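Please look at the sequence and structure below before reading on.

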Amino acid sequence: MKQVYINSVGSISAQKTFDNDSFLEDVVGYEDNVISVIDPNYKDYIPPAAARRMAKGIKMGVVASKIALQDAGLENVDAIITGTGMGCVRDSEKFVSAIIDNDEQYLTPTSFIQSTHNTVGGQIALELQCKGYNFTYVHASNSFESTLLDAKLQLENDEEKNILIGGVDELGDHTVAIHKLINHIKPEAVKSSNLLDSGTEGAVFGEGANFFVLSNEKKASSYANIIGVKLYNTLPKAEVSQTALDFLAENNLDVKDIDILILGNNGDIKFDDFYTDLQSKTFHNNQQVYYKHLCGEFNTASSFGFWLASKILKTQTIPDVVKLNKVENSSYKTILLYNQYRGENHSFTLLKQC
Amino acid sequence: MSKGIAITGMGIISAIGNNVAENYHALLNGNKGITRVAKIKTNHVNEIMVGEIASTNNEFEQQLNLNSDNNYSRTAFLGAVAAKEAVKHAGITNINTYKTGLISATSVGGMDMTERYFYDYLTNKTTQKYIEGHHAGDSTQKIAEQLGIEKSLVTTISTACSSAANAIMLGARLIKSGELDRVIVGGSDCLSKFTINGFKTLMILSDTYNTPFDENRKGLNLGEAAAFLVLESDAVVKSENKTVLAYVKGYGNANDAYHQTASSDNGDGATIAMEKALKVANLTPNDIDYINAHGTATGNNDLSEGRAIIRVFGENVPDFSSTKAYTGHTLAAAGGIEAVYSVLALQNNVIYPNLNFETQMKEFDITPQLELKEKPLKTVMSNSFGFGGNCSTVIFSKEP
């Protein structure tokens with residue numbers, strides 16, 4: 001079985017992450033309950049006419065994947081695997097409202113086509129002229145981890161050499177409005193730095209695209225080695241710690257081997273207690289990191305956590321803004337990530353320095 | 001590591017039957033499930049025909065013993081019914097005895113409720129329960145709950161009309177690698193105003209019965225359906241002394257990289273998908289006894305797929321037919337529906353007729369199988385192609 005490496009990253013988020021030469025050097029703070037991405041200059045990557053036609057999710061996905069390909073020094077990949085919770089949700093909203101508002105008349109196909117969940121993966125394939133394997137996973141907060149698992153299996157078996165994976169989701173007005181009604185979005189504006197102390201229900205919604213080239217060939221420029229990923233549709237709160245320990249044991253690791261624990265806390269008072277045991281008991285003496293105050297919550301927000309872990313392992317630095325506790329390590333070899341959303345679709349991911 | 005990927009159970013609900021037996025009976029007797037749409041109020045009612053399932057959501061609610069405060073979309077109802085039949089058929093009493101996962105496919109997800117309550121959500125608290133049911137993963141989570149799958153690998157694939165074929169592919173890979181011992185794979189999609197109007201704007205809906213591979217084909221009929229297979233590893237089959245219905249022998253996915261919705265003229269993606277599947281199966285084109293074609297009856301698909309079949313099989317194109325004339329095009333579920341039909345074909349050594357065919361296409365001289373045909377079958381190939389250039393082929397066989 002071959003080893004699997006993260007050979008490149010490409011990130012578009014609510015931070016200036018699109019430039020791979022920097023690493024959260026000037027962090028943007030927000031005071032809101034919905035935060036959008038900081039756009040790169042899309043025209044540097046796609047012709048303006050094409051960019052105008054593209055949905056936001058497609059634009060973010062295509063450009064983040066181009067950044068990832070550049071970073072990997074590749075013209076093309078063997079396969080493309082995309083994760084998205086909602087797809088190009090603005091187009092879905094546009095098409096549904098047009099059906100209702102115009103009583104099924106005067107409709108045009110563009111927003112219907114862009115509503116198809118695999119439209120981002122399909123567009124990336126079109127842009128790259130990549131005729132390889134092309135899958136799209138749409139399973140809520142495990143959409144991105146599904147891409148990771150799929151790519152890992154194929155690379156381990158040497159079925160492919162380089163696979164582009166990524167997570168992408170965009171904000172849509174109607175979706176935001178109705179998620180405010182059911183308290184999935186916080187009622188009040190929250191300062192990024194106070195997210196975990198907000199004491200209220202719901203999350204600060206965000207959007208973004210984080211793409212990576214995974215490979216079974218290690219390079220001098222590789223970011224990390226992927227050790228394992230596990231997905232769970234359900235997991236009782238009381239079993240999170242034991243499940244994490246079992247996962248480490250399966251990979252011949254122990255709590256003390258974990259240099260950094262990266263957690264998906266989003267400040268939702270109803271669900272952040274899924275992290276409590278790991279934070280204050282099991283990994284109390286390990287350095288801990290969080291990130292959703294920087295990128296917001298969305299179905300593929302954990303791909304931002306994966307980006308953060310990759311950058312930490314490669315640069316061997318941790319920006320102060322993501323530190324969750326006072327434990328400090330001097331070197332970072334092994335990272336464990338844990339994420340869930342609203343108590344469902346939990347994931348554990350293990351990365352190692354390479 | 002498992003060498004064989006055994007299919008030990010199947011479940012299905014479609015416009016031609018509420019279970020496997022009813023579907024098979026309709027296939028043998030040439031009974032189409034295509035009618036005017038009854039459950040969705042649409043201005044296009046007289047311009048389209050659909051493959052609609054008779055049962056109402058209320059009936060499914062009772063069948064599944066759900067409280068009236070549930071927030072199931074029709075996609076979730078259909079999926080739960082079909083997946084439960086598959087698990088029962090496989091003789092599984094305790095689902096968590098083995099590492100069991102669920103891979104489902106959908107394109108519509110909870111859109112049927114979203115389009116119904118889109119503006120109503122803003123003012124009516126009682127309908128807001130459906131907001132959480134919109135995203136595509138929701139129906140899969142509900143199906144997992146119905147099956148009692150807990151603390152396990154559950155995910156959803158959405159690659160338009162090849163989705164369920166891709167779910168089978170991932171499931172096979174998960175068993176081969178030892179990640180899971182058993183996996184329930186398939187897909188579910190209900191009819192919606194969203195897809196009716198979407199395909200209408202693309203001008204690929206027929207106003208009458210769809211006619212796959214016919215020169216004068218006018219487009220597709222949308223259908224709703226769900227179908228699931230139970231896949232098990234060699235080890236589970238052996239220790240449980242399971243009856244194996246058939247095996248997943250090969251699979252391949254490729255991208256046409258030609259257009260967001262249309263297939264390339266020469267079917268590049270389809271050709272690569274079929275070739276990859278043959279390679280994984282370690283078979284040659286001559287080994288394929290029957291192709292259950294994608295055959296949507298759109299001008300574009302049938303030409304592109306036909307040319308791809310000729311590219312792969314040359315002078316020796318095996319018997320082929322599309323069953324879309326029976327069920328309509330059931331989008332993300334289609335690969336699951338046709339997987340069930342392929343396994344039934346293998347088990348019973350029959351090839352289903354390609355209904356409604358009248359006139360030979362002029363671009364090539366291959367003709368689908370027009371009558372029910374009995375013939376010993378060892379391997380069946382099933383094609384599923386979707387938007388975004390997504391092309392998938394799965395090969396089923398009697399032998400591992």
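Which residues lie nearest the centre of the second largest cavity? They are His174(A), Thr175(A), Ile178(A), Thr114(B) and His134(B), among the 15 residues that line this cavity. The model is predicted, so local features need pLDDT of at least 70 and side-chain atom pairs count only at pLDDT 80 or more, while totals for chains, interfaces and linings use all residues. Residues are numbered from 1 along each chain as its sequence is written, chains are lettered from A and ligands numbered from 1 in the order in which they are written, and side-chain values use heavy atoms, with hydrogens and water left out.

**Cavities**

- A cavity is a set of points, on a 1 Å grid over the protein atoms alone, where a 1.4 Å probe fits but cannot get out; lining residues have an atom within 4 Å of a point.
- The structure holds six cavities of 30 Å³ or more, a volume being the space filled by probe spheres set on the points, which are joined across faces, edges and corners.
- The largest cavity contains about 300 Å³ of space, and of its 24 lining residues the closest to the centre are Ser115(A), Thr116(A), His117(A), Ser107(B) and Phe194(B).
- Helix 7 of chain B gives the most to this lining, with three residues; helices (H or I, at least four residues) and strands (E, at least two) are DSSP runs, numbered from the N terminus.
- The lining of the largest cavity has 13 nonpolar, 11 polar and no charged residues, where Ala, Val, Leu, Ile, Met, Phe, Trp, Tyr, Cys and Pro count as nonpolar, Asp, Glu, Lys and Arg as charged, and the others, Gly among them, as polar.
- The second largest cavity has a volume of about 120 Å³, and its lining comprises eight nonpolar residues, six polar and one charged.

**Pockets**

- A pocket is an open set of grid points with protein on both sides within 12 Å along at least five of seven lines.
- The largest pocket holds about 720 Å³ of space, and Ala140(A), Asn299(A), Tyr341(A), Glu132(B) and His135(B) lie nearest its centre among 35 lining residues.
- Helix 5 of chain B makes the greatest contribution to the lining of the largest pocket, with five residues.

**Strand 4 of chain B**

- Six of the six residues of strand 4 (residues 100-105) of chain B are buried (under 20% relative accessible area, with exposed over 50% and partly exposed in between, for a 1.4 Å probe and protein chains only), so this strand is largely enclosed by the rest of the structure.
- Thr100(B), Leu102(B) and Ser104(B) are on one side of the strand, and Gly101(B), Ile103(B) and Ala105(B) on the other.
- Strand 4 of chain B runs parallel to strand 6 (residues 182-189) of chain B and is joined to it by six bridges; two strands pair if DSSP finds at least two bridges between them.
- Strand 5 (residues 154-157) of chain B also pairs with strand 4 of chain B in the parallel sense, over four bridges.

**Cysteines**

- There are zero disulfides over all chains, a disulfide being a pair of cysteine sulfur atoms within 2.5 Å.
- The sulfur of Cys161(B) is 11 Å from the closest cysteine sulfur, in Cys391(B), which is too far for a bond.
- Cys161(B) is buried, because its relative accessibility is 6%, whereas Cys354(A) is partly exposed at 33%.
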